[in-house]
Amino acid sequence: MSKKIYCLARFRPKPGKETELFEVLKALEPDTLREDGCIQYIVTRRIDNPCAGGSEEYSIVFNEIWRDREAFEAHCNRKAIQHFFQTQCLDENGMVEAWDVNVYTDEPEHYDAPVMGASCG
């Protein structure tokens, strides 16, 4: 059974703050990539492309993959991550106008997961 957690953390910067917010988020990458449960942690920004006509609502997105739920939750509880959300998202002087964080699994809802160590028969 897959235990991986996929997270999309989307941010809408306040007007004129996109470049600065992107740099603040980029600064979170090195230490996060050192976390044992971190498989991928990449901050990205929206670009125009004629083949992708999606919403422009959130222009900065973290694309994250975590080993499991515990690794993701440990990351969320790190002081640096808590500090970012407090100072940039919750504080009225922060650079984030709105944010949306969701986690996903790659398993179908009723997946017939193999049982490791089960005997045949």
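The buried residues of α1 touch β1 (5–13), α2 (29–33), β2 (38–45), β3 (60–66), α4 (79–90) and β4 (96–104), where contact means heavy atoms within 4.5 Å. This is a predicted model, in which local features need pLDDT of at least 70, side-chain atom pairs count only at pLDDT 80 or more, and totals for chains, interfaces and linings use all residues. Residues are numbered from 1 along each chain as its sequence is written, and side-chain values use heavy atoms, leaving out hydrogens and water. Helices (H or I, at least four residues) and strands (E, at least two) are DSSP runs, numbered from the N terminus.

Which residues of α1 (residues 18–26) are buried? They are Leu21, Phe22 and Leu25; buried means under 20% relative accessible area, exposed over 50%, and partly exposed in between (1.4 Å probe, protein chains only).

Now for the charged pairs. There are ten salt bridges, each a side-chain nitrogen of Lys or Arg within 4 Å of a carboxyl oxygen of Asp or Glu. Here are some of them:

| Pair | N to O distance |
|---|---|
| Arg12 and Glu57 | 2.7 Å |
| Arg46 and Asp48 | 2.8 Å |
| Glu73 and Arg69 | 3.1 Å |

Arg12 sits in strand β1 and Glu57 in the loop between β2 and β3, so this pair ties together parts that are 45 residues apart in sequence. Arg12 is partly exposed at 23%, and Glu57 is partly exposed at 39%. Glu73 and Arg69 are four residues apart in helix α3 (residues 69–76), about one helical turn. Arg69 is exposed, at 53% relative accessible area.
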